2 protein chains.
Amino acid sequence: MLCEIITIGDEILIGQIVDTNSAWMGEQLNLAGIKVHQITSVSDNAEHIVKALDEAKNRVDLILITGGLGPTKDDLTKHTLVNYFNTKLRFDEDVYQHVKALFARFGREVTELNKKQAEVPESCIVIHNANGTAPGMWFEKENKIFISMPGVPYEMKKMMSAEILPRLKQKFSLPAIVHRTVLTQGIGESFLSEIIADWENSLAEKNIKLAYLPSPGMVRLRLSASGNDETTLRKTINNKVSELEKIIPQHIYGYEKDKLEEIIGKLLKQKNQTLALAESCSGGLIAHMITSVPGSSAYFMGGVVSYSNQSKMNQLGVKKETLEKHGAVSEETVTEMALGVNEKFITDWAVATSGIAGPDGGTAEKPVGTVWIAVAGPNGMKTKKFQFGGDRERNIQVTAITALNMLRKALIT
Amino acid sequence: MLCEIITIGDEILIGQIVDTNSAWMGEQLNLAGIKVHQITSVSDNAEHIVKALDEAKNRVDLILITGGLGPTKDDLTKHTLVNYFNTKLRFDEDVYQHVKALFARFGREVTELNKKQAEVPESCIVIHNANGTAPGMWFEKENKIFISMPGVPYEMKKMMSAEILPRLKQKFSLPAIVHRTVLTQGIGESFLSEIIADWENSLAEKNIKLAYLPSPGMVRLRLSASGNDETTLRKTINNKVSELEKIIPQHIYGYEKDKLEEIIGKLLKQKNQTLALAESCSGGLIAHMITSVPGSSAYFMGGVVSYSNQSKMNQLGVKKETLEKHGAVSEETVTEMALGVNEKFITDWAVATSGIAGPDGGTAEKPVGTVWIAVAGPNGMKTKKFQFGGDRERNIQVTAITALNMLRKALIT
């Protein structure tokens, strides 16, 4: 089954926003066994949208449209679709009640503008938008399916996952596609590929494809196979994953959509233990990641972002002499930070970071990217020095990921 | 002059990478007065590429192609273009010397594979690739221009800036395009559009287009106009922006690519003042945003992520009675948090957040999304209660943005 994604919006064409929706949709569709043949981004212009729909219809079976469904005047997708499918608008009471309920949650009345979102084309199946007011629309014409969704990513994603993909899977018998993703941390893409070269070569005879998906601090390895029998495919892929686990056990931290902060949360809950953080160069990002997990207040007591030397001394009890003798970016300082926050927040575990994120602050001895991380726990203190790169944003990200993985390893030792 | 961008690569269609090249190119072309009419992403398939070229040729005057020019991708794009333009390959000595020089820089000999990159189509103008081995190719056919570039972003960007854009500007007299973006916070898209309806209607007579670009906690308003005289256009748009400033002064926090954390950084630096944070429901995100700005250590002293009641008392001096009587999510608690962190970190300014991010923890009186924010500064304390939505991640984001904007407002009062 072939699909085309059409994204609508001048803001995409003038480069004001990066179209991340298409990539996310492409990945989800691919996982479901639907091949994305083309992605087309067009302007906020009815004629242009119609032309793109017509062309797409000749190429593929399924056309997914995002963008141009908001309540404001630059929204024209709905009216264009009404004309394209030669239908008219009707007022949908269910959609209206949903819009009303969403507004009531904020203690507001529905405006006239938002009431219009309850107007839907007569010939479409209305798709529920759990995260927003503009419903999705499912049309069928000449054996082709056209589905229009809002462009706001968190509305579109929820709609795809909860409504669109399940309906597509039910309607069509899609080929079995099995994916497994192995998550690695602390080893770069090229080193990884050298170490696993033989294993990677052995995948071809089993018709398994391998993709390296790098992001700051980690590389995800995705294995994919397609065929008719899901059970066989799954067994073949699982065997290959088992082989890989023996080659790089120390680098694998999880599978599929696992997140380090969630893994850590589960481990802490199991052990009924608590965590505190003392962040310097990571600047609060580790706390943000930990607290992004629902229920994290059960094990995360809090932390200190000690960005100044003063705050390292006053809030964490780092000694003045330590800072003077060894500097803020040192094993000694990061150790005292971890011990300090551990004591202040009375927790089982503490993680501390101190480094030079850049672009300024580097020296010959401690260049930008130098980072010390400490993990203090029931079994004592672990410290490690890292040399990351020259990019501030990336250094902050990689520090956070690396610190979380050090904590994970300490938790399972 | 109309342009289409064609990006080639299966990795885009399966969502393995996000196509950031198109957005960057779109922005650069737009600034140069070239309108991007469409962006099309196609697979690594000769037939598909040819079809996309043919279709693009009927829509636009200029076709920019990226991807499929590397040494390993079997040079699909190059061979497809050779066939498409009915030409053949010739060996280009200049390109070969450049490839040799690049390899020499890494102390390596040119491989047979890389030598092939010096083979270029006879009928094209060869475009120098300062950052890589695969040259760009400029074809002309039936009064249309086709330019093929490598897909590696830093090679493509250099080629666009140094070679392609200057040549296009020289060859064509391009129209002026002027954009301005006004950034608003604290008002939803639909309410905003009601308030500015008259102003929005007045844009049509000046041929100005308006786009609403919402993201969590904010809405960006983009005004665009094109014509012959840039000075006149800029004046017209600036006048309209001035009018808007009078209608919603309290909601505008910046312009163009401004970020709240950068605006705050500049204000604090100007005033030579300092900041500390006491975060509960925002969980470290505000600290992360503030420290993402290079040089933030000059004004950001640090903060406390006080996720537990214990840490609110021990680290920030919130009174036990306050927590018992009013709860952690209350004006009284958030006030004491701000005062506490202000005192502990000895700063001019302090921001505190406390709320129920969800999904659990809500009550009838304080449902999920209830958030208190306090800003303490030289002119006293400001507190405000908000009712955000039901999504944890979004609540955290909107809390951070809203708190930063409260701080910005206090800084300029």
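Twelve strands, written as 12 in the count, form an open sheet in the order 6(A)-7(A)-8(A)-3(A)-1(A)-2(A)-2(B)-1(B)-3(B)-8(B)-7(B)-6(B), with mixed pairing. Strand 6 (125–127) of chain A and strand 6 (125–127) of chain B stand at the edges with a single partner strand each, so one side of each has no neighbour in the sheet. From one strand to the next, the twist averages 20 degrees. The model described here is predicted.

**Where the chains meet**

- Strand 2 (residues 35–42) of chain A pairs with strand 2 (residues 35–42) of chain B in the antiparallel sense, over five bridges.
- Within this pairing, A:T40 has B:T40 as its bridge partner, while the bridge partner of A:S41 is B:I39.
- Backbone hydrogen bonds are the means by which strands of a sheet pair, whether parallel or antiparallel.
- The contact as a whole draws 71 residues from chain A and 68 residues from chain B.
- On the side of chain A that touches chain B there are 28 nonpolar, 31 polar and 12 charged residues.

**Helix 2 of chain A, against the sheet**

- Helix 2 of chain A packs on the sheet and touches strand 1, strand 2 and strand 3 of chain A.
- The direction of helix 2 makes about 160 degrees with that of strand 1 of chain A.
- Helix 2 (residues 20–31) of chain A has 12 residues and reaches 17 Å from its first C-alpha to its last, close to the 16 Å expected at 1.5 Å a residue.
- The buried residues in helix 2 of chain A are A:N21, A:S22, A:A23, A:M25, A:G26, A:L29 and A:N30.
- Their cover includes strand 1 (2–8), strand 2, strand 3 (62–66) and helix 7 (153–171) of chain A, and also helix 1 (10–13) of chain B.

- Strand 15 (residues 349–355) of chain A is mostly covered, with seven of its seven residues buried.
- A:W349, A:V351, A:T353 and A:G355 point one way from the strand, whereas A:A350, A:A352 and A:S354 point the other way.
- Strand 13 (residues 275–279) of chain A pairs with strand 15 of chain A in the parallel sense over five bridges, and A:E279 stands opposite A:T353.
- Strand 16 (residues 370–377) of chain A runs antiparallel to strand 15 of chain A and is joined to it by six bridges; here A:A352 stands opposite A:A374.

**The nonpolar core**

- In soluble globular proteins, nonpolar side chains tend to be buried together.
- The largest nonpolar core has 139 residues, of which A:I286, A:A338, A:V341, B:I286, B:A338 and B:V341 touch the most other members.
- Apart from its neighbours within four places in sequence, B:I286 is in contact with B:L277, B:E279, B:V351, B:A400, B:A403 and B:L404.

**Chain A overall**

- Chain A contains 16 helices and 17 strands.
- Taken along the principal axes, the C-alpha atoms of chain A fill a box of roughly 80 × 60 × 45 Å.
- Of the 413 residues in chain A, 47% are buried.
- Among contacts in chain A with a separation of 6 or more, 66% are between residues 24 or more positions apart.

Notes
Residues are numbered from 1 along each chain as its sequence is written. Chains are lettered from A and ligands numbered from 1 in the order in which they are written. This is a predicted model: local features need pLDDT of at least 70, side-chain atom pairs count only at pLDDT 80 or more; totals for chains, interfaces and linings use all residues. Two residues are in contact if their C-beta atoms, placed from the backbone, lie within 7 Å. Ala, Val, Leu, Ile, Met, Phe, Trp, Tyr, Cys and Pro count as nonpolar, Asp, Glu, Lys and Arg as charged, and the others, Gly among them, as polar. Two strands pair if DSSP finds at least two bridges between them. Helices (H or I, at least four residues) and strands (E, at least two) are DSSP runs, numbered from the N terminus. A nonpolar core is a set of buried Ala, Val, Leu, Ile, Met, Phe, Trp, Tyr and Cys residues joined through C-beta atoms within 7 Å. A residue is buried if 20 or more other C-beta atoms lie within 10 Å of its own, exposed if 12 or fewer, and partly exposed in between; C-beta atoms are placed from the backbone. The expected span of a helix is 1.5 Å times one less than its number of residues. Axes are lines fitted to C-alpha atoms, for helices over the stretch in contact, and angles run from 0 to 180 degrees between N-to-C directions.
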